[in-house]
Structures are given as structure tokens and as C-alpha cells.
Amino acid sequence: MNAFIQRLSVPEMPPGAVRVAVKDLIDMAGLPTTNGSKVIAAGAEPAAADAACMAGTRRAEAEGRAVIVGKTNMHELAFGVTGINPWFGTPVNPIDASLVPGGSSSGSAVAVATGEADVAFGSDTGGSVRMPAACCGIVGLKTTRGRIPLDGVYPLAPSLDTVGPMAPTVAATSLCMSLLEPGFDPTATAPAGRIGRVRLPAEEWMDAAIDRALGAYAERSGATVTDVELPGWEAATHAVMVVMSAEAWQVHRRLWEAHRDELSPDVSRRLEMSSMFGAEEVAESWEVARAWADELKRRFAEVDLLALPVLAAAPPTLEDGARLSEIRYVAPFNLAGTPALSQPLEAGGRLPAPLQLAGPAGAEELIMATGAVIEDLSGWSPHRDPAAG
């Protein structure tokens, strides 16, 4: 299925151990980090040490609670949304092989969705955990900026980069989060009592599935669900793309100048376009970011969480993969640095509807507690849940 760039031999699985897949921009001692790039892979030396975010997993591994099964495929340099990779092969979307797996954490999503791993780590700079989760019918959490350490993680846009967990269910995603942050436990947190429904343009079947799930949640929990508006959404969407592009150019400028014709064509073009953003436009975008953060702070004084789609429409085909950039509703939360979850909802067809729950900084426990109740009501049935034992 091309989910892995490097598979690791697992001679014997300890009883009850969780199989962990790691996106190949996260350093693991003794293994090269490719960042999904043939150019980087050609000169990559084995990492001298693990990335800081691997500490909890290594502890679990030593205790027989986890086994790392490999490093996963990805969109080259993490700079793309489709998950298509011409060098290591494109991970196959298990729901429909004709559809994009989503990027950039495509291999992590496919490894989980196919059962080749129980949980996986991805990175999310502008939606790269949530979009592949949405495309492949699994759960993915974008964490609060700075909550998970990034030392030893190959950067894309350092001001926006985050690492987060991916798994088939909300409970398993919480389990995966506890490997990234030992002690993470949302079970003692009460689910949200006030949810703000953000109505961005989306296909009717997606909106209907989200409304059904939120209605069932309100009936079960006694929560209120009210429509809210985010006037700064479009400005934040543009601003985050400027910041991401400008920072990606700074990170990868030398690589592009030396190897532009050896990079994926879409990544090479994107980097070339990124070189055109000047300091003034970046500074203006950070002004927008501050206003956007203030807007979200006001909204989160009125509601506990926001609910909206991850995508405006079904995942596109591989041939039309670029359209994914036009239908995503994820990046503004990267600009604010706030957490957001993508989880699949039963929608009455072969594709789930991806619900996004977003909260204020540090609200991961609240998001996961709420998502668990919604999942229990949604009817979506992925493969085995490792959190169930």
C-alpha cells in the first residue's frame, strides 16, 4: 500500500502492545530521516538521537506496551496536501484507491486505516494530520502549538509546525497522544456543554451528517449547539498560506536552488512561488494572525468548542488532487496555534463525513472527551480499536 518508507522488523509482539508508525520527518536513532524526498534520502545519515517527541514511545517500548513498526511515507518535504509521492510511491487510500490519501501525513493515515499500524504520528503545519485523516476515514489531532516538542522533527514552517496523533478511533487517538505526552488522559474531563456550529460552504451530505451528530450529542449530553460566525476566516486562510510559504522557502531555499529539478514537480513549483513573498506581506499576515487569535478568544468565551467540516466536499481523485487545496477548512487553526480534531461520521454512503472540533489552546482533553461521545453516536465503524485491548 506504499504506507511505509522504512519498515522495521518486529520478531515478536508483546501481548497487548500497540503498533506505532512514525512519519519519516521525525528522527529515530539509527535510521535516516528522508522527509519523503529522494534528494534528502540520498545523503541522509542515520539519526544520532531520537526526536524529543519519541521519548514517551521509547519508554512504552521498553515496558512492552508499544512496538515501532516503521517510518511512514508522506508528501515530499511535508509541503503538499494530496499525499502523492513519486519517489516512494503514493499510499493507497483504502476507502477508494482512485482517491487521494491526503497529505502530508498520507502514509501515517493509510497505515492506520489499513491496520498496518494501530496508531501513528503525523505532523500538521496547515492541516497535514487532519486532511489525510479525513480522506482515509480515521481520527487525527492537530495539537496546540508548542505542546509537543519539535526538536529532531524536520521543519516546514517552524512558526506553524506541530506533531500529533492519528488512529482509527478517538480513544485510540488519545492513547497515541499519551505516547507523545505521557500522562495525557481525557477521561476525567467533562465533554463540552456549548458548541458553536460554524457553517462554511460544504456539500449537503457532509453538513447533514455533522448536524445529525451534533443534534444527537446535544440530546445525549444536554449541551447547546448554536450557529456562530467567524468573520476573520478568509483573511486568516490567506495569511497562514503566506506565513507557511515564506517560512518553507527559508527552510528549503538551498535545497531548491541545488536540486529544483530533482524534487516533485508540485513541490518545486510551490517553493518557487514561495520565494515571491516579501517581508512586508509576511508582517501584514502576522497582524492578521493577531486579530484572528483575538477573534477566536472572543468566540471561545461564548462556546467551549467550534464544530465545522474538515473538507467542503469528498476527497478528489488522484488526477484531480490539487483540488484538495481548494476545499480544506483547516489552516486557520494553525495560524492561531490552537488544537483541532478530525473525526469521521457515518454519512449513509461509502465515505464518512469529516467533522472538525476546534478549541482554545490547551483544550486537547476537552476536544477528545467531546469527540468520544460524538463517535459513540455517529455509527462509523473503522477497524480494530487498540484502546479496547
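This report describes the pockets and salt bridges of a predicted model.

## Largest pocket

The largest pocket holds about 410 Å³ of space. Its lining is made up of 20 residues, and those closest to the centre are Phe-79, Met-241, Ser-245, Arg-270 and Arg-328. Two elements give two or more residues to this lining, namely helix H7 (233-259) and helix H8 (265-274).

Helix H7 supplies the largest share of the lining, with 5 residues. Sorted by class, the residues that line the largest pocket are 10 nonpolar, 8 polar and 2 charged.

## Second largest pocket

The second largest pocket has a volume of about 270 Å³. It is lined by 14 residues, of which Thr-82, Asp-266, Arg-269, Arg-270 and Ala-322 are the closest to its centre. The lining of the second largest pocket consists of 5 nonpolar, 5 polar and 4 charged residues.

Arg-270 is named for both pockets: it is listed among the residues closest to the centre of the largest pocket, and it is also listed among those closest to the centre of the second largest pocket.

Side chains of opposite charge can pair when their charged atoms come close. In this model the count comes to 22 salt bridges.

One of the salt bridges joins Glu-364 to Arg-147, with the closest N and O atoms 2.7 Å apart. The two residues belong to distant parts of the chain, 217 residues apart: Glu-364 is in helix H11 (residues 364-378), while Arg-147 is in the loop between strand E5 (139-142) and strand E6 (163-167). Glu-364 has a relative accessibility of 0% and therefore counts as buried.

Asp-207 and Arg-197 form a salt bridge with an N to O distance of 2.9 Å. Because Asp-207 lies in helix H6 (residues 204-221) and Arg-197 in strand E7 (residues 194-198), this pair ties together parts that are 10 residues apart in sequence. Both Asp-207 and Arg-197 are buried.

A further salt bridge, between Arg-299 and Glu-302, has its closest N and O atoms 3.7 Å apart. Both residues lie in helix H9 (residues 279-302), where a spacing of 3 residues amounts to about one turn of the helix. Arg-299 has a relative accessible area of 17% and is therefore buried, whereas Glu-302, with a relative accessible area of 45%, is partly exposed.

## Salt-bridge network

Salt bridges with shared partners connect Arg-197, Arg-199, Asp-207, Asp-211 and Asp-227 into one network.

Technical notes: Residues numbered from 1 in each chain as written. Predicted model: local features only at pLDDT ≥ 70, side-chain atom pairs only at ≥ 80, totals over all residues. Heavy atoms only, no water. 1 Å grid on protein atoms, 1.4 Å probe; cavity = no way out; pocket = protein on both sides within 12 Å on 5 of 7 lines; lining within 4 Å. Points joined across faces, edges and corners; volume = space filled by probe spheres on them. Helix = DSSP H or I, 4+ residues; strand = E, 2+ residues; numbered from the N terminus. Nonpolar A, V, L, I, M, F, W, Y, C, P; charged D, E, K, R; others polar. Salt bridge = Lys/Arg side-chain N within 4 Å of Asp/Glu carboxyl O. Buried < 20%, exposed > 50% of the residue type's maximum accessible area, 1.4 Å probe, protein only.
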